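Grab a pencil and work through these exercises with the structure open beside you. Each task is followed by a worked solution.

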Amino acid sequence: MIKAVCSGSFDPVTNGHVDIFERASRMFDELIVGVFHNIRKTPFFTVEERLELLAEATRHIPNARVDSFSGLITDYMKAQGASLIVRGV
């Protein structure tokens with residue numbers, strides 16, 4: 001099983017983010033959309049609100065799930081058993 005993580009602040013989630021999630025979900029068995037909790041930034045939405053917004057925005061993607069984390073992305077990926085990072089440019 002190939003797991004990938006797409007991380008970001010998603011403050012707020014946009015149609016562009018959702019497009020990346022949809023494309024990535026077709027490439028991997030599981031896509032974890034990880035909300036990075038950065039204590040150095042003052043977000044518009046709380047982490048909990050962003051998780052709710054992302055859950056709604058990704059509910060049509062069966063192999064996507066949303067989660068939050070702080071710290072290093074590599075540590076989070078290891079804990080989740082993920083081997084790839086998805087980035088939109």
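**Exercise 1.** Work out how much accessible surface the protein has and what share belongs to carbon and sulfur atoms.

*Solution.* The accessible surface comes to about 5700 Å² (Shrake-Rupley method, 1.4 Å probe). Carbon and sulfur atoms hold 54% of that. Before going on, note that this is a predicted model: local features need pLDDT of at least 70, side-chain atom pairs count only at pLDDT 80 or more, and totals for chains, interfaces and linings use all residues. Residues are numbered from 1 along each chain as its sequence is written, and side-chain values use heavy atoms, leaving out hydrogens and water.

**Exercise 2.** Which residues of helix H2 are buried, and what do they pack against?

*Solution.* First, list the buried ones (under 20% relative accessible area, 1.4 Å probe, protein chains only): in H2, residues 47-57, they are Val47, Arg50, Leu54 and Ala57. Next, look down the axis of H2: these residues fall within an arc of 85° (directions from the axis to the C-beta atoms), so they line one face of the helix. Finally, check the partners: the buried residues of H2 pack against helix H1 (15-25), strand S2 (30-36) and strand S3 (64-69), with contact meaning heavy atoms within 4.5 Å.

Conventions
Buried < 20%, exposed > 50% of the residue type's maximum accessible area, 1.4 Å probe, protein only. Helix = DSSP H or I, 4+ residues; strand = E, 2+ residues; numbered from the N terminus.
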